[in-house]
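Here is my note on the side-chain contacts, for you to read beside the model. Please keep the sequence at hand.

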Amino acid sequence: MNKPQSLRSALNKAVPYVRDNPDKLHLFVDNGSLVATGAQSMSWEYRYTLNVVIEDFSGDQNLLMAPVLLWLNANQTDAINNPQLREKLCTFEVDILRNDACDISLNLQLTERVLVNADGGVSTVKAESEPDEPEEMWTVKCG
């Protein structure tokens, strides 16, 4: 699974609090399933909830959510463009700790495809590439 690390990288680039406090960002893969595609090959799809927890967050929550949405737009295009899927694509909970800090938990419904190609008696297993992250999209200005 490549998307958890991809999101971590995107948040590190875009959100100063995450970059400056890497020990406060936790990623958990929950409710995972492996779904065969039904094709003749052994290709499959991972389906899972990525739980993203940011502890003691003291920044502007909008400046956290914007890069998450941009990342989802680039990495979960099928769900973003489907009205039924996008309703549940990203849910969240917030524990307000103090006036200036909270714990934020995001639940992202993600999929990843893995392709298996057979050539004679040899099979090749390869994760389907994700789109490149456009660098200009990951600049978020405070203020």
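The points below cover salt bridges first, then aromatic pairs.

1. Basis. This is a predicted model, in which local features need pLDDT of at least 70 and side-chain atom pairs count only at pLDDT 80 or more, while totals for chains, interfaces and linings use all residues. Residues are numbered from 1 along each chain as its sequence is written, and side-chain values use heavy atoms, with hydrogens and water left out.

2. Salt bridges. How many salt bridges does the structure hold? There are three. The term needs a side-chain nitrogen of Lys or Arg within 4 Å of a carboxyl oxygen of Asp or Glu.

3. Lysine 24 and aspartate 56. These side chains form a salt bridge at 2.8 Å, N to O. Lysine 24 sits in the loop between helix H2 (16–20) and strand S1 (25–36), and aspartate 56 in strand S2 (residues 44–57), so the bridge ties together parts 32 residues apart in sequence. Helices (H or I, at least four residues) and strands (E, at least two) are DSSP runs, numbered from the N terminus. Lysine 24 is partly exposed at 21% relative accessibility. Aspartate 56 is partly exposed too, at 26%. Here buried means under 20% relative accessible area, exposed over 50%, and partly exposed in between (1.4 Å probe, protein chains only).

4. Glutamate 45 and arginine 47. Their side chains meet in a salt bridge at 2.6 Å, N to O. Arginine 47 is partly exposed, at 41%.

5. Aspartate 100 and arginine 98. This salt bridge has an N to O distance of 3.2 Å. Aspartate 100 is partly exposed at 48% relative accessibility. Arginine 98 is partly exposed at 47%.

6. Aromatic pairs. A search of the whole structure finds two. Tyrosine 17 and phenylalanine 57 make an edge-to-face pair, 5.2 Å centre to centre with 80° between the planes. The pair links distant parts of the chain: tyrosine 17 is in helix H2 and phenylalanine 57 in strand S2, 40 residues apart. Rings of Phe, Tyr and Trp (its six-membered ring) pair if their centres lie within 6.5 Å; planes under 30 degrees apart are stacked, over 60 edge-to-face, and the rest tilted.

7. Burial of the rings. Tyrosine 17 is buried, with a relative accessible area of 15%. Phenylalanine 57 is buried at 2%.

8. Tryptophan 44 and tyrosine 46. Why is this pair edge-to-face? The planes stand at 90°, with ring centres 6.1 Å apart. Tyrosine 46 is partly exposed, at 24% relative accessible area.
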